[in-house]
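Colleague: Hi! Could you walk me through this model? I'm new to reading structures.

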Amino acid sequence: MSNRGEQALLKQSTILMFAVAIAGIVTGVISGAQSILFDGFFSLIATAIKVLMLITAKLIAKKSNERFQFGYWHLEPMVLLIEGSFLLLIAIYAFLNGVFGIINGGREIELGLVILYAAVFTVVEFAYFFYVRYRNRRLKSSLIQFDNISWLVDAMLSVGLLISFLAALLLKSQGYGEWAVYVDPLILILLALSMLAPALKILRPALREVLGIAPDQLDDTVREVMDAAQARHGFDDYVSYVQKHGRARFIEIHVVLPADYPVDNIATLDRLREEISTGLGTPDAARWLTISFTADRKWIA
């Protein structure tokens, strides 16, 4: 399975995010702004996650082997689970850092530099987010889809930083400098809260897949197709099992035929398989479909 376009985009995204991380950390250290430093470390962690995603994309492109007989699809939700967990931990750390910053009387920062930083990276990050989303319309990669959330989060962080630092500058110009020192820790708290939704958006589906919870939509589709096939062909019964790991769908169906069901040859059963397969949609490399037939219920128990 070739996914060179996916790998190339992930590699590009990783390099650019690393550049953003370095810029954020350097700017945060020079300006003394903890919120900028937090933004830089968020980008650095996002870079590490992107490296894992790139490695995963390369492994998925490989064929199954004796050790990994179903391929490497299971790595995809595991990487996403790591990403979502890191986002959640970063949000908790930023929230506590902001709270203690307010308790300790705020922080004085160099506004000119941080406003320039926030303005430049707001444009860069939003532009790249929409570029990746446009590219992924053709690639249809779930890895890139969730990876792109980090660009949206980073862009929203930059917007929040820009608005807040402009507000601090306005406070200083109006003679309320004593309040401006609380802007930096307050931004940290707001940014932390804004990161909860993206973190949970990544965590929920990834956790379901890692735990092996059957995907509702796929399960409903299989049951709908099999109920219709049972009504048309007079099957006695059937059982179905579905699982999803990243973009891979695993579907197992066992059909109980009546004892007197007319089976002239193996081709008869293959035609039934083909009909069921067509009903489930166009087959691709990410779909593993098994359909078996029996007249004895003990084989489906």
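Colleague: Thanks! To start, which residue forms a salt bridge with E209?

Modeller: K244 does, and the closest N and O atoms are 3.2 Å apart. A salt bridge here is a side-chain nitrogen of Lys or Arg within 4 Å of a carboxyl oxygen of Asp or Glu. Before we go on: this is a predicted model, where local features need pLDDT of at least 70 and side-chain atom pairs count only at pLDDT 80 or more, while totals for chains, interfaces and linings use all residues. Residues are numbered from 1 along each chain as its sequence is written, and side-chain values use heavy atoms, with hydrogens and water left out.

Colleague: Where do E209 and K244 sit in the chain?

Modeller: E209 is in helix α7 and K244 is in strand β1 (residues 237-245), so the pair links distant parts of the chain, 35 residues apart. Helices (H or I, at least four residues) and strands (E, at least two) are DSSP runs, numbered from the N terminus.

Colleague: Is E209 buried or exposed?

Modeller: E209 is buried, at 12% relative accessible area. K244 is partly exposed, at 26%. Buried means under 20% relative accessible area, exposed means over 50%, and partly exposed is in between (1.4 Å probe, protein chains only).

Colleague: How many salt bridges are there by this rule?

Modeller: The count is eight. One of them joins E275 and R232, with the closest N and O atoms 2.4 Å apart. This pair also links distant parts of the chain: E275 is in helix α9 (residues 266-279) and R232 in helix α8 (residues 216-233), 43 residues apart. E275 is partly exposed at 29%, and R232 is exposed at 52%.

Colleague: And what about R273 and D270?

Modeller: Their side chains meet in a salt bridge too, at 2.9 Å from N to O. Both residues lie in helix α9, three residues apart, which is about one turn of the helix.

Colleague: New topic! Which residues touch the most other members of the largest nonpolar core?

Modeller: Those are F38, L161, F165 and M195, in a core of 50 residues. A nonpolar core is a set of buried Ala, Val, Leu, Ile, Met, Phe, Trp, Tyr and Cys residues joined through side-chain atoms within 4.5 Å. The elements giving two or more residues to this core are α1 (4-31), α2 (34-61), α3 (75-103), α4 (111-139), α5 (142-173) and α7 (183-211). Helix α5 gives the most, with eleven residues.

Colleague: What is F165 in contact with, leaving aside its neighbours within four places in sequence?

Modeller: Its contacts (heavy atoms within 4.5 Å) include A33, I36, L111, V114 and I187.

Colleague: How many cavities of 30 Å³ or more does a search of the whole structure find?

Modeller: Two. On a 1 Å grid over the protein atoms alone, a cavity is a set of points where a 1.4 Å probe fits but cannot get out, and lining residues have an atom within 4 Å of a point.

Colleague: Which element gives the most to the lining of the largest cavity?

Modeller: That is α2, with five residues. The lining includes F42, I45, E83 and D147.

Colleague: And what lines the second largest cavity?

Modeller: F165 comes back here, along with others including R107, E108 and K172. That cavity has a volume of about 60 Å³, and α5 gives the most to its lining, with three residues.

Notes:
1 Å grid on protein atoms, 1.4 Å probe; cavity = no way out; pocket = protein on both sides within 12 Å on 5 of 7 lines; lining within 4 Å. Points joined across faces, edges and corners; volume = space filled by probe spheres on them.
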